[in-house]
Amino acid sequence: MSSKRKITVAYGDGIGPEIMKATLEILEAAGAQIEPEVIEIGEQVYLKGISSGIEPKAWDSLRETKIFLKSPITTPQGGGFKSLNVTTRKTLGLYANVRPCKAYSPYIRTHFPETDMVIVRENEEDLYAGIEHRQTDDVYQCLKLISRPGSEKIIRYAFEYAKKYNRKKVTCMTKDNIMKLADGLFHKVFNDVAKEYPEIEADHKIIDIGTALIADKPEMFDVIVTLNLYGDIISDVAAQITGSVGLGGSSNVGEDVAMFEAIHGSAPDIAGQNIANPSGLLNGAIMMLVHIGQPEVAEKVSNAWMKTLEDGIHTGDIYQEGVSSQLVGTKEFAQAVIDRLGQKPEKMVPAEFKKGDGADDNMGAIKLADRKPCKKDLIGLDVFIDWKENDRDANVIGDKLRAVDADGLKMQLITNRGVKVYPDGMKETFCSDHWRVRFFNADQSTITHGQVLDVLKQVEDLGFDFIKTENLYTFDGERGFSLAQGE
């Protein structure tokens, strides 16, 4: 290659500097055409008073190189510090987190030697939007935000990934039996997109049984696509059952920028002791090499790494009596990989990446399907109230709120923690101090914002503290809100 590709590198905290040094030495010895540009992130930046953990000038490097090879960082204890991973993913639009989870048995101990799955996780939305409120003495709220474009992007990415890497099946995992609107949207979009890829098998699992199956029969999965929180959890489950979270690398891909990292943390308790396993970051770097159009180098590094495992040269986290031949440290493991560059594993399947793979393929640039906007009608109102008087008797608050009437917009029911408690609630239902009061016209016809404001004024005049409101809409006549348990 005629010129080196600039990449942004962060050495991170804890074991980060050790494993980054080892990784870069391996890449250099393998002939990777890269030019690292180092930025500072993590604990020392946090302690300078920068709550994001990354200095403003570092963004300039990321915008220029568009490739970020990142070691793990330490976030200081205490409030006010933001997750650098979440900040980076959202700021740079890295919507797809990709984690290959493959068994390397018998060299890495696992009960599931046939495991070879890839988890594609939505990276920007869901509960990780980080929108939280304390609303009463008793109740805290965290908003789960799922969008149709965000869902479609990650689902299309998963199918494109399967198509590109000759995977046969994509499994969607949600909890839409409970969250029928939010997770239901993700499942619906999955079904719609799957029709465009008839050559790829598509199926769906509820996330709880899906997680159990990953832990018990992981060989049944190929590519999994799911929401942010679920993906975060099952990625670590899958990595652990294949042998070690310490081996896993991941990519975080957007339309313009991509970040590559190990999936484990900074492990400050073993920092500086030359015992950390650099394999997770190295596997992330291999994904980076493929992304930037250097698949031949990626193959060379991956095959040398697998040959090192086959030869039993292992760090302490994966060392096994009777399997391992030599216990080594971080530096020695890196040198063993370097010594095997140009060799291939004899028992494991050698790595082979398609020539022409890389950034020019622009997998992150997903074109969304055209959609016609829905007809949106306001038909009701939920008012959330902080109230704890009279031993939280639902009949007391309900009887008082019956007086509210905004030109026909009247209270229909009250719920507490999602369960209907008025009228005709069960005395056994435990109530917090957080009440949802639902208002409709008698025939559930459309209402005005003027009626909404009138309801709030009357609620206030009755002496109640309203803490949140939600307008209730239909979209093309379809209800855009959940019913209460017992409604």
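Me: Where does Ala267 sit?
Reply: Ala267 is in the loop between β12 (258-262) and α9 (279-291). Keep in mind this is a predicted model.

Me: And what's its phi?
Reply: Ala267 has a positive phi of about 45°, although it is not a glycine. Most residues other than glycine have a negative phi.

Me: How accessible is Ala267?
Reply: Ala267 is partly exposed, with a relative accessible area of 24%.

Me: What about Asp391, where is that and what's its phi?
Reply: Asp391 is in the loop between β15 (376-386) and α12 (394-401). Its phi is positive too, about 55°, and Asp391 is not a glycine either.

Me: Is Asp391 buried or exposed?
Reply: Asp391 is exposed, at a relative accessible area of 78%.

Me: Switching to prolines. Which residue is joined to Pro106 by a cis peptide bond?
Reply: Ser105, and omega there is about 0°. Pro106 is found in the loop between β4 (96-102) and β5.

Me: What about the bond from Tyr422 to Pro423, cis or trans?
Reply: The Tyr422 to Pro423 bond is cis, with omega near -10°. Pro423 lies in the loop between β18 (419-422) and β19 (434-440). For background, most peptide bonds are trans.

Me: OK, strands now. Which residues of β10 are on which side?
Reply: In β10 (residues 223-226), Val223 and Val225 are on one side, with Ile224 and Thr226 on the other. All four residues are buried, and both faces of the strand are covered.

Me: How many bridges join β5 to β10?
Reply: Four bridges join β5 (residues 116-122) to β10, and the two run parallel. Val120 has Val225 of β10 as its bridge partner.

Me: And how does β8 run relative to β10, parallel or antiparallel?
Reply: β8 (residues 169-174) and β10 run parallel, joined by four bridges. Cys172 stands opposite Val225 in β10.

Me: Last topic, helices. At what angle do α1 and α10 cross?
Reply: Roughly 120°, with the axes of α1 (residues 16-30) and α10 (residues 295-310) coming within 10 Å. The two helices are therefore oblique to each other. Their crossing is right-handed.

Me: Which residues make the contact?
Reply: From α1 you have Ile26, Leu27 and Ala30, and from α10 Val297, Lys300 and Val301. The contact residues of α1 with α10 divide into five nonpolar, no polar and one charged.

Methods:
Residues numbered from 1 in each chain as written. Predicted model: local features only at pLDDT ≥ 70, side-chain atom pairs only at ≥ 80, totals over all residues. Heavy atoms only, no water. Axes fitted to C-alpha atoms, helices over the stretch in contact; angles between N-to-C directions. Parallel < 35°, antiparallel > 145°, perpendicular 65-115°, else oblique. Left-handed = near helix turned anticlockwise from the far one by under 90°. Contact = heavy atoms within 4.5 Å. Nonpolar A, V, L, I, M, F, W, Y, C, P; charged D, E, K, R; others polar. Buried < 20%, exposed > 50% of the residue type's maximum accessible area, 1.4 Å probe, protein only. Pairing = 2+ DSSP bridges.
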